[in-house]
Structures are given as structure tokens and as C-alpha cells.
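Open the model in your viewer and keep the selection tool at hand. The stops below go from one selection to the next.

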Amino acid sequence: MSWHVVAPVSEIPPGGRKLVTVRGRPIAVFNIGGEFFGLLNRCPHQGGALCEGVLTGLVESPEPGRYSYTRKGEILRCPWHGWEFDVRTGQSYCDPEKIRTRAYPVEVEPGKSVVEGPYVAETLAVKVEEDYVVVDV
Amino acid sequence: MAAVLPGTIDCDIHPAVPSIQALMPYMEDHWREMVITRGVDELNTIAYPANSPLTCRPDWRPASGRPASDLATVQRQALDGFGTSIAIANCLYGVQLLFSEDMAAAFARALNTWMAREWLDKEPRLRASIVIPAQNAEMAVDEIERWADDKRFVQVLMLVSGDMPLGKRALWPIYAAAERHGLALGIHAGSNYHNPPTPVGWPTTYTEDYVNQSQAFQSALTSLICEGVFNKFPALKVVLLESGFTWLPAHLWRLTKFWRGLRMEIPWVDRAPMDIVRSNVRLSLQPVDGPPDAASLEKLMEHMQSDELLLFSTDYPHWQFDGTDVMPPGISADLARRIMVDNPRATYARLGAAVAQGAVA
């Protein structure tokens, strides 16, 4: 595992996302209210591109006819068959232990430390005055 | 010779009302008079046409009169014939077809009283289902309450095809009453024929009607699960009677597949449909709609993913098999014991209860 610089923070605003490729892996990076998360861009069901899915909330129910809607924007629905995944963990709703997409640690680092390393930035020109999104792959 | 293990419980036999006259002593004066005044004859349904081969096995068919309509015959053919310890009587009579809720309630009450007096009082191996006027949930609950203290009634009986999908909340008072009293909810093949028995309209033949019952069961099971009946009534046991069972694995694969993508519509369904079936739903053995060879049936049993789902039944007097070949080849000895003894006992809580005969006046 090594940390890779994938985008300046300004490129992925809250609610936004970016598909990046790190070490050959397609990774969807999400900004949820200032927190960043990375998921392998591949639904474990049939390979749908999760990066193109809708971000929704967690719908639960204490009993039939009652609906609770929480964690708005933190649940990703696969664009192919609607399976839901927790953006924070990559776990599916339907079978969280067995069905999950890989989650990658994502951090924000100031340009100054990114320049110093040990970060890898093959495709980005890094400026010390910017903050950057880095992914551990 | 007994065809079954000691302690076997036959979960589906069909004692029949010999004629409407048999119910008259148990009807209230007003309704007895209405039957005569209005010229109400038998509450026949087309579910089991009298002369259909399926309606009664040839060696059980009486020279005259309705099959399985007298106690001595049922004792000889069903109870002694198979050697069962207990048999659960599910009386199929056209109560559910009536459009008058009041008349349906009157007939259901008469029918259950007739069952208690003419059958249960006279034969300790018999148990029965409470027939309800499902046309009106309040009246249905009244009928359940009327018999709830009589532990010989072990189940509430409904038809798989009524006025609405069985999971609908209008029917929930019935399920609440069943759960409250430890009664299973038996859902039997058949229709009130207020709607076509297939989702695409009226079929031409009896063959289609009967074969398509399994589709009605699929719809009913889907409705019960999706509407959240088992979330609301977690202790409720539903028994699908005369449903066949080979469709179950494939249907649950399908339901689980779409639940995974659509479950936000029914967020109370918070576990896979197979898990819900395993905890709350059982199916009767006959008619076995399985493959003809033992190896294929064994495969199917693997797909069922549980040895707790099937309950022994003969479906007497319906013609589903010959002789005493009620268990299909391909059932292991261990599974046979579960089907005949363990599973029925686990499903019908009241079978373990001490029975006070004539507990209800």
C-alpha cells in the first residue's frame, strides 16, 4: 500500500465525486460533507460502475408503514440494479458481511507535505498552497 | 399397517359437510329460516368439482354422498389408514364465496360448531382449523375469539385467493388474533372466485385453475413478506396448505434478487426473504409437485435450505397418490421424521396443549 495524490480538494466539492485510476484500479472518490471516501468502482453484484450511482439516504423502518430517512447522501445505489452500499465502508445493505465493494482510505493533505512525500503523484502537478486528496492503494 | 412413524401428524385432511342440512342444527333461527326462504342450497365451489378424479381417490369414494363426510369413514381411511396420531381437519366449504358478510359469519359459526360437535367431540385424534368469514376482518376476529379457548382448534383457515392480497393491512386484525392465541394461519389452495384465479383472467379448464394455484401462493407469500406481516406479527406461523413446494426456492431467489435492489420501498423487510420464510412459513407435503426421481428430489431439498419447512399431509381424500405412498422417494429417514413429527409439533403450538373437550359451549 502507498498513498497516491488523486486530485486537489477544490476539484471534488461536498456532494461531488471523481473517478480516478490508481495502480490500475478504478476508484470512485466521494466528498461527503467535507469527508472523503474511496470505493472500488465495481459493484460486487455484476460489475456496475458505482461512480455513476445515485447518492441517497439510509431508509429504515421500525415497523410497517413507518419510514426513517437518515444519513442523507451517504448511501450509494448501484446504477445497474439498485443495490445499496455504505459509502463509508463499502458494505452492502442486503448482505453487509458477504457483499461489499472494497473501500480505500482517503485523506486530505496540504500541498506542502504532499510535495515532501512519501506521496505518489504521477499525473498531478502539486502546488504547496493547495490541499490534496490522497488515496491509500 | 401404518404408513408413517409413531407420533405422525397429518396437517391437512378434509372432512366434508355432507349437506347443508347437517349445518342447520347449528345455525341461528334467523339464518336457518333464511336458508329455506331464500332457497340457499349447497355452498358448492368449483374448487373441487364433485366428480373430478382429484376430488377423491377412487378407493376412498363412497357409493353415494360426499367423500369424507362421515366420521367412521374418515377414521377408517385417514386416521387408521395411515396410522397418524393426530390429523388437522381443514373443512373446505363455500363460506368464503358469499357476498353477504352477515351470512358468511353465520355459516362460519355453524360450520365451526358442527366441526366441534360432530368431529372433535367424537374423535380425540382430530384437531381443526377455525373457518372465518374473511369477507370482514372484525367478524373474522369475533369467530376466532369464539373458539380461541378450545385448544382443539389449532389454526385459522383462509383461502389463498380472496378479495385482496393477503398481506394487506385490512386483514391484519385476523393475523393479530391468530398470533395472540397461538393459532397458526393456514392458507389453503382455493379462491372465493370474486376474482379470476389467474392474474391474467379466467382460465378455460379445471386443469389450469388447479395448476395455477401455486402462482396464487407465490403472490400471497410475496404480499405477506413485503407488506411486513412478519415484522408486525413475528410469532405468527403461516402454513401454506396444498400449495406444492417445488416452486419455493426459485421464487425466493427471485424475490431476494429484487429485494436487494428495491428494498427501500419496503424498508421494514430488513432480512432476506428466505430468512423470513425459515422462521415463519411452512408448507404441507401433499400434493408433492416434485421431480419423479429420488436424486432430483434430493437436489430440490438442498435448494430448500432447511429441513424445517415441510409438514406431513395426506390431503385426504384428494387423489394425490395411491396406496400409502404418501412420502415421495428421495426423503432421508431423518428428514422424514422431521416432516412427520418434529416440524408439525414445532409449528402448531397448540398440539402440545392439554385438550379440554367441549371447552366451548
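In which strand of chain A is Arg71(A) found? Select strand 6 (residues 68–77) of chain A, where Arg71(A) is found; helices (H or I, at least four residues) and strands (E, at least two) are DSSP runs, numbered from the N terminus. This is a predicted model, in which local features need pLDDT of at least 70, side-chain atom pairs count only at pLDDT 80 or more, and totals for chains, interfaces and linings use all residues. Residues are numbered from 1 along each chain as its sequence is written, chains are lettered from A and ligands numbered from 1 in the order in which they are written, and side-chain values use heavy atoms, with hydrogens and water left out.

Stay on Arg71(A): its phi is near 55 degrees, a positive value in a residue other than glycine. Most residues other than glycine have a negative phi. Arg71(A) is partly exposed, at 28% relative accessibility (buried means under 20% relative accessible area, exposed over 50%, partly exposed in between; 1.4 Å probe, protein chains only).

Next, select Tyr193(B), in the loop between strand 5 (184–191) and helix 6 (206–211) of chain B. Phi of Tyr193(B) is also positive, near 55 degrees. Tyr193(B) is buried, with a relative accessible area of 14%.

Now go to two cis peptide bonds. Gln286(B) and Pro287(B) are joined by one, with omega about 0 degrees; Pro287(B) lies in the loop between strand 7 (281–284) and helix 11 (294–304) of chain B. The other runs from Tyr316(B) to Pro317(B), with omega near 0 degrees, and Pro317(B) lies in the loop between strand 8 (310–311) and helix 12 (333–347) of chain B. Most peptide bonds are trans.

Then select helix 4 (residues 137–147) of chain B, where Ala137(B), Ala140(B), Val141(B), Glu143(B), Ile144(B) and Trp147(B) are buried. Looking down the axis, these buried residues fall within an arc of 160 degrees, so they line one face of the helix; the arc is that of the directions from the helix axis to the C-beta atoms. Their cover includes helix 3 (101–120), strand 3 (126–131), strand 4 (153–161) and helix 5 (172–180) of chain B. At the N-terminal end of helix 4, Asn136(B) is the cap, with a side-chain oxygen 2.9 Å from the backbone nitrogen of Glu138(B).

Finally, colour by pLDDT, the predictor's confidence in each residue, from 0 to 100. Chain B has a mean pLDDT of 94, and 97% of its residues reach 70 or more. Over residues 355–361 of chain B the pLDDT is below 50. Where pLDDT is low, the predicted coordinates should not be read in detail.

Notes:
Contact means heavy atoms within 4.5 Å. A polar contact is a pair of N or O atoms within 3.5 Å; within protein, one must be able to donate a hydrogen and the other to accept it, and residues adjacent in sequence count only if both atoms are side-chain atoms.
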